[in-house]
Amino acid sequence: MKVSEVMNVDFKKFSMDKDRLVIDAINLMDKYKTSIVLCIDKKKELRGIITERDLLDRLGSKKFGNLKTSSIRISSVMLSNPIVISPENTVYEAAQLMHDKGYTGLPVVNKELVGCVTQNEMLTVCEKVTSIPINGLIDT
């Protein structure tokens, strides 16, 4: 199964201009119950990614300790130039990459941003696989 078959193509609601405020990213995560925001520039090109974990790690550091989220730009806490995956990669490859790197999601890029695959999409795939009876896979 390819990433293109499971990726979220409605990624625009999970993306935000990198020059917006961190509080806007937090509100977006809360609104859509997601742990990932794709950070884009004015040309809608992927520039980074921010996750709940990034926010906790970076905002808890001494560098940002005394600042309010209402004054910090996404670009200052995002992971720049994130690892991406192609829609032609397999779901297994995406899952392995997410596991190895400890990522909760990956941007899907085919020359330009075309989607996003997150733990939610992976869980959906796993649920489908576990709902297939094993005797249906074996010739008797």
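Buried, in what follows, means under 20% relative accessible area, with exposed over 50% and partly exposed in between, using a 1.4 Å probe and protein chains only. This is a predicted model, in which local features need pLDDT of at least 70 and side-chain atom pairs count only at pLDDT 80 or more, while totals for chains, interfaces and linings use all residues. Residues are numbered from 1 along each chain as its sequence is written, and side-chain values use heavy atoms, with hydrogens and water left out.

I'll start with Asn 8. Asn 8 lies in the segment before strand S1 (15–17); strands (E, at least two residues) and helices (H or I, at least four) are DSSP runs numbered from the N terminus. Its relative accessible area is 18%, so Asn 8 is buried. Leaving out residues up to four places away in sequence, Asn 8 touches Phe 14, Gly 115, Cys 116 and Glu 121, where contact means heavy atoms within 4.5 Å.

Next, Val 125, in helix H4 (residues 119–130). Is Val 125 buried or exposed? Val 125 is buried, at a relative accessible area of 13%. With residues up to four places away again not counted, Val 125 touches Met 1, Val 6 and Val 91. Val 6 is 119 residues from Val 125 along the chain, and their C-alpha atoms are separated by 7.6 Å.

Last, the sheet. Four strands form an open sheet, ordered S1-S2-S3-S4, with mixed pairing; two strands pair if DSSP finds at least two bridges between them. S1 and strand S4 (79–80) are at the edges with a single partner strand each, so one side of each has no neighbour in the sheet. The partner of S1 is strand S2 (residues 36–40), paired in the parallel sense over three bridges. Met 16 stands opposite Cys 39 in S2.
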